[in-house]
Amino acid sequence: MIGEEATPVVSSTQQVGKKITGTILDETGLPIIGANVVEKGTTNGTITDMDGKFSINVSSGDAILVVSYIGYIEQQLSVNKQKDWSLVLKEDLQNLDEVVVVGYGTQRKGNIATAVTTIKSEILQNRPVQTVGEALQGQVPGLNVTGKGAPGESPSLQLRGSSVLNANNSSEPLVLVDGVPADFNFLNPEDIESINVLKDAASAAIYGSRAANGVLLITTKRGKEGKPTFRYNGSVGVNTPMHMPKSLSSAQYARIMNEAADNMDQDPIYTADQIAGYEKGGDPRFPNTDWLDLALQNSVTTRHGIEASGGTEKVKYLVSAGVDHQTGIFPQTQQNVFNVRSSTDVQISRKLDISFDMRYQLRDMEALGNQQDIYKQIIGADPTMLAYNPDGSYAYNAGFFTNPLVALYEGGQKFTNRHEASGLFKLNYEIIEGLTFTGIANVKYTFKGEESQGRKTSYYNWFTQEIVEKGQNTFSDRRDQTAYYNLQALLNYKKSFGIHNLDILAGYQQENETSDWLKGARSGYPTDLIWELNPGPKDNWSNDGNGEHWALASFIGRINYDYDNKYILSLSMRSDASSRFAKGSRWSTFPSVAAAWRISQEPFMESTHNWLDDLKIRASWGQTGNANGLGLYPSYTLVSTGGLILNNTYQQIAQLKTIGNEELTWEHSDMFNVGVDAKFLNSRLSFTGEYYVKNTKDILLAVPVPLEYGFGNPNMNIGQVRNKGWEISLGWSDQINDFGYSISANLSDNRNEVIDLGDTGPWKGSNTYTEVGLPFNSIYGYESMGLFQSDQEVANAPFQNSKTAAGDIRYKDQNGDNKIDANDRIVLGDPNPHFLYGLNLSFNYKNFDLGMFFQGIGEKDRIVMDNFVRPLNDATIFEHQLDYWTPQNTDAKYPRILNKDDGSHNYETSDYWMINAGYLRMKNLTLGYTIPRKILSSTGFNRVRIYFTANNLFTISDFVPGMDPEASSAWAYPFARTYSFGLNVQF
């Protein structure tokens with residue numbers, strides 16, 4: 001940006017019409033050291049100093065200065081007679097010379113032959129999200145991020161589909177922070193420099209046995225040469241519940257309950273006088289309670305971060321601290337996260353440099369004792385139930401729920417605190433020119449304490465003057481501790497021989513982790529004032545504990561070669577040995593090969609250079625591994641111990657628990673990937689396309705055995721799954737005088753297919769079906785044919801149920817036996833998401849900036865029969881459920897109204913309840929203003945920016961009212977909309 005209002009400012013004066021001085025800074029206000037300032041058309045030039053300043057004598061007042069620096073967009077300035085300039089070099093996100101972090105090293109962006117997506121720090125900052133994973137939603141083609149609503153809950157991540165045949169096994173990608181495994185969700189977003197997503201097996205194979213689901217490489221910020229710089233970033237916001245259903249009045253509810261009883265020829269539940277009482281109100285005997293309104297609240301989220309960085313040519317440093325605080329929309333739920341981090345880089349000599357990183361994180365969480373059950377009670381409690389007595393005490397209601405507010409406010413809490421401390425030491429030594437040895441040592445200790453307090457609750461029955469007590473005081477205390485060690489020794493040789501460029505890596509890595517836990521529990525405490533184990537009764541107690549250990553050893557190798565930056569070849573290999581397997585099966589090797597051709601560099605493409613900047617086609621194949629679902633000791637025969645009473649004496653016993661299988665080995669995933677990268681019109685327009693096929697084989701499946709075997713079904717490596725899909729990304733950015741804008745979009749799809757079940761299939765669940773040729777856990781149920789419109793239709797149709805009548809769901813007789821039973825079920829849909837997309841829009845004019853981000857899913861089949869769909873199923877009824885069938889409303893959305901015990905036949909798994917969970921969400925809106933530097937010149941601040949941001953602003957979806965499309969069920973913790981104001985300061 002050029003102009004007086006731009007920030008940061010270049011202070012420039014013209015002396016005798018020829019001498020120009022100024023300062024070059026980046027978008028954050030930091031000086032750019034070593035930027036080139038050249039008079040156009042000449043060899044006259046200079047570079048900026050430690051403070052980003054320069055001085056140059058130009059030939060005349062008509063001269064043009066060209067300012068450039070690697071990784072930033074070049075700018076040209078006309079000297080003229082202007083005395084004061086405003087200049088900021090903007091980062092070039094499409095720069096082919098940019099260095100991108102890949103496995104155990106870096107590569108030039110233009111020479112990458114694999115599928116890697118880079119997310120810059122700007123995407124993560126200044127957004128009111130509680131986890132880093134949530135900020136990635138919609139940003140990476142092929143990455144499906146499913147959010148969670150509760151404070152402290154991490155989103156689930158899935159890259160290029162799921163390759164499991166067991167829903168309990170993880171399909172999460174491997175996450176590494178600065179080269180070592182870590183949980184990145186609760187890092188301070190201000191500490192992150194970039195996130196590189198390794199999507200194909202060729203890029204991820206160097207991580208071997210844990211890279212089957214892809215890899216996320218997190219690179220944190222480091223100090224830069226220059227004077228000390230201090231930053232503060234802070235925001236304060238309000239969270240409001242989203243997608244809340246509208247409740248009915250107690251009189252409406254009473255009439256509907258009578259209608260449901262009448263539909264089954266039963267007596268009315270409420271009399272006319274009672275309904276009149278509910279209509280009139282003002283009497284505790286006839287309440288009108290909106291339970292959601294009483295239970296949910298607006299909450300607060302705050303984030304504060306400080307950073308200090310700087311250094312000399314020899315020593316560079318960065319120290320940061322951050323505090324995140326978020327309260328939940330349920331009372332007594334919150335999370336506090338405290339992060340402290342430091343990094344130091346020391347250049348000891350020309351050949352030797354070392355670095356030290358230290359990080360500490362504390363997560364302090366409060367949750368309800370049984371959060372999901374409490375919410376289930378809240379949305380199930382009907383409006384005729386009394387919440388508070390006239391004196392303000394908790395009311396007692398005879399029945400199943402009693403009073404959910406008591407469980408919410410008085411039922412107890414779970415307190416969790418998690419401490420994590422890690423240290424990372426790195427040494428680089430140049431043995432000879434081009435050959436560098438790198439040694440890395442990482443240690444990480446984690447301690448987690450969890451206390452659960454359950455309280456005896458009491459209610460006051462206003463009408464009988466009776467105090468009712470339920471439950472008892474219970475307490476449990478669990479302590480977990482984990483120690484993780486990671487050692488790496490790497491040799492890297494980089495050398496250019498004319499137009500031949502070679503990069504060779506070889507190394508060894510070993511990891512091991514030891515963990516143990518101890519838990520004690522007591523119940524029947526006489527008071528809820530002391531929560532410790534020792535005061536608890538000794539006649540109702542339990543103690544448990546366990547310990548585990550695993551280790552992994554690996555050899556690593558990679559060769560990158562390019563000819564004239566035109567023909568690119570990459571070969572990699574990793575051999576892993578795991579303690580999980582028997583000695584003869586521990587080792588497995590995971591190879592990969594990738595090649596790319598930059599066609600735009602060919603002589604025959606010269607005629608396109610006025611509009612085509614770069615065109616590269618890529619192809620890769622690689623193999624990765626997985627050991628999810630194995631446990632830590634699958635190859636060992638395990639013995640469990642216990643006790644029993646024999647002859648009135650307690651005797652310890654030992655028995656076989658599982659029989660080890662020494663032939664078990666890794667699951668293997670082979671992936672073939674082709675891609676194209678193109679840049680046009682001075683890199684203003686960019687395009688990336690990918691197509692892949694991923695075959696996962698040797699998946700562990702439980703095989704049937706005779707009952708006499710006695711140890712459950714053993715696992716064997718016999719399953720196979722295929723995922724294939726495509727991804728496209730398109731971007732445009734431009735600067736027109738003081739106005740800059742950029743648009744980027746991505747779209748992806750993945751198709752999952754079971755290839756082999758090893759003669760164990762098909763697998764039929766209550767609502768799932770898995771068979772060769774279908775997606776894993778396909779939706780399975782009845783095909784519906786609308787609603788019966790008359791009792792005559794019921795009589796003429798195949799028999800369904802003795803309770804079936806007009807207004808009920810009509811199911812299709814698939815096998816023609818004139819009855820509806822389990823044999824009529826068919827595959828109804830695919831539970832996997834399809835057509836994931838994201839859209840980023842950003843605009844800036846002088847000191848104003850505006851950003852909008854949209855994301856969503858095009859299609860996802862879901863069966864929903866929860867409380868927001870099925871009324872009166874241990875639940876109330878909401879406004880959107882009033883469109884039920886009656887003789888006067890035959891074109892209804894819902895079947896006739898029935899009570900829980902009478903209506904179950906309408907809520908079998910069927911396509912009547914299958915809905916598209918696709919959605920479009922405005923995920924983020926940010927409006928910011930940067931105060932002009934000339935105003936700040938006397939304050940000592942380099943940069944001050946204020947902004948407003950909103951998260952989850954609106955959602956367009958045909959999903960169930962009252963539920964978010966991402967929610968796992970009606971009683972999952974509700975999602976929130978967040979409005980925040982923030983401040984960025986630098987000095």
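Predicted model: local features only at pLDDT ≥ 70, side-chain atom pairs only at ≥ 80, totals over all residues.
## A buried aromatic residue

Phenylalanine 590 is buried, with a relative accessible area of 0%.

## Aromatic pairs

Tyrosine 525 and tryptophan 531 are both buried.

Phenylalanine 590 forms an aromatic pair with tryptophan 666, and the arrangement is edge-to-face, with 6.3 Å from centre to centre and 80 degrees between the planes. Where do the two partners lie in the chain? Phenylalanine 590 belongs to strand E30 (residues 587–598), whereas tryptophan 666 is in the loop between strand E33 (649–658) and strand E34 (667–680), so the pair ties together parts that are 76 residues apart in sequence. Tryptophan 666 has a relative accessibility of 2% and therefore counts as buried, because buried means under 20% relative accessible area.

## An aromatic cluster and charges over rings

Four aromatic residues, Tyr253, Tyr270, Tyr278 and Phe286, form one aromatic cluster.

## The largest cavity

The structure contains eleven cavities of 30 Å³ or more. The largest cavity holds about 430 Å³ of space. Its lining is made up of 36 residues, and those nearest the centre of the cavity are Pro128, Val129, Gln130, Glu134 and Gln326.

Which elements give two or more residues to the lining of the largest cavity? They are strand E17 (226–241), strand E18 (299–311), strand E19 (315–327), strand E20 (334–347), strand E49 (943–957) and strand E50 (976–986). By residue type, the lining of the largest cavity comprises eleven nonpolar, 18 polar and seven charged residues.

## The second largest cavity

The volume of the second largest cavity is about 170 Å³. It is lined by 15 residues, of which Val177, Asp178, Val180, Arg359 and Ser422 are the closest to its centre. Two or more lining residues of the second largest cavity come from each of strand E14 (180–181), strand E21 (352–368), strand E22 (412–432) and strand E23 (435–454). The lining of the second largest cavity divides into six nonpolar, four polar and five charged residues.

## Two further buried residues

Histidine 834 is located in strand E44 (residues 834–845). With a relative accessibility of 1%, histidine 834 counts as buried. What does the side chain of histidine 834 make a polar contact with? The partner is the side chain of aspartate 830, at 2.8 Å.

Glycine 311 is found in strand E18, one of the strands that contribute to the lining of the largest cavity. Its relative accessibility is 11%, so glycine 311 counts as buried. Glycine 311 and glycine 226 are 85 residues apart along the chain, and their C-alpha atoms are separated by 5.4 Å.

Technical notes. Residues numbered from 1 in each chain as written. Heavy atoms only, no water. Buried < 20%, exposed > 50% of the residue type's maximum accessible area, 1.4 Å probe, protein only. Phe/Tyr/Trp six-rings, centres within 6.5 Å; stacked < 30°, edge-to-face > 60°. Helix = DSSP H or I, 4+ residues; strand = E, 2+ residues; numbered from the N terminus. 1 Å grid on protein atoms, 1.4 Å probe; cavity = no way out; pocket = protein on both sides within 12 Å on 5 of 7 lines; lining within 4 Å. Points joined across faces, edges and corners; volume = space filled by probe spheres on them. Nonpolar A, V, L, I, M, F, W, Y, C, P; charged D, E, K, R; others polar. Polar contact = N/O pair within 3.5 Å; in protein donor to acceptor, adjacent residues only side chain to side chain.
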